[in-house]
Amino acid sequence: MDLRRRIDGVDVIASENEVWFVQDDRICWTTREELWSGSSRLSQVLREKGYRIHSRSFPKKLRELVLAISKSG
């Protein structure tokens, strides 16, 4: 299962067990399980790592992606 979306300028690439976040020269990854259990915390971590995301819309769009991943995999 491969899924690719762009959320607030961040490329989100989900493979079988991992989810990658790519923006400019930044790359961050997490497991699907960690994403499912902590999508709101992940938004904060990405901001701390220098990702430019919208604090209000990104978490909601990320939760929608988590649901899409769970349905497809």
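These legends describe close-up views of a predicted model. Residues are numbered from 1 along each chain as its sequence is written, and side-chain values use heavy atoms, without hydrogens or water. Because the model is predicted, local features need pLDDT of at least 70 and side-chain atom pairs count only at pLDDT 80 or more, while totals for chains, interfaces and linings use all residues.

**View 1. Four strands form an open sheet.**
The strand order is β1-β2-β3-β4, and the pairing is antiparallel. Strands here are DSSP runs of E with at least two residues; helices are runs of H or I with at least four; both are numbered from the N terminus. Two strands pair if DSSP finds at least two bridges between them. β1 and β4 are the edge strands, each pairing on one side only. On average, neighbouring strands are turned by 20° against each other, direction ignored. Axes for such angles are lines fitted to C-alpha atoms, for helices over the stretch in contact, and angles run from 0 to 180 degrees between N-to-C directions.

**View 2. β1 and β2 are joined by 5 bridges.**
The two strands run antiparallel. I7 has V10 in β2 as its bridge partner. D8 lies in the loop between β1 and β2. D8 is not a glycine, yet its phi is positive, at about 50°. Most residues other than glycine have a negative phi. D8 is buried, with a relative accessible area of 16%. Buried means under 20% relative accessible area, exposed over 50%, and partly exposed in between (1.4 Å probe, protein chains only).

**View 3. D11 meets R6 through side chains.**
D11 is part of strand β2. The side chains of D11 and R6 make a polar contact of 2.9 Å. A polar contact is a pair of N or O atoms within 3.5 Å; within protein, one must be able to donate a hydrogen and the other to accept it, and residues adjacent in sequence count only if both atoms are side-chain atoms. D11 counts as buried because its relative accessibility is 18%. Setting aside residues up to four places away in sequence, D11 touches R4, R5, R6, W20, F21 and V22. Contact means heavy atoms within 4.5 Å.

**View 4. Q23 is a buried residue of strand β3.**
The relative accessible area of Q23 is 4%. The side chain of Q23 reaches the backbone nitrogen of R52 at 2.8 Å. Beyond its neighbours within four places in sequence, Q23 is in contact with D8, G9, V10, G50, Y51 and R52. S43 is 20 residues from Q23 along the chain, and their C-alpha atoms are separated by 13 Å.

**View 5. D24 sits in the loop between β3 and β4 (26–31).**
D24 counts as exposed, at 56% relative accessibility. Its phi is near 55°, a positive value in a residue other than glycine.

**View 6. The largest nonpolar core has 18 residues.**
A nonpolar core is a set of buried Ala, Val, Leu, Ile, Met, Phe, Trp, Tyr and Cys residues joined through side-chain atoms within 4.5 Å. F21, L35 and L46 have the most contacts inside this core. At least two core residues come from each of β1 (3–7), β2 (10–14), β3 (18–23), α2 (39–48) and α3 (57–72). α3 gives the most, with 5 residues. Apart from residues up to four places away in sequence, L46 touches F21, C28, Y51, I53 and F58. In soluble globular proteins, nonpolar side chains tend to be buried together.
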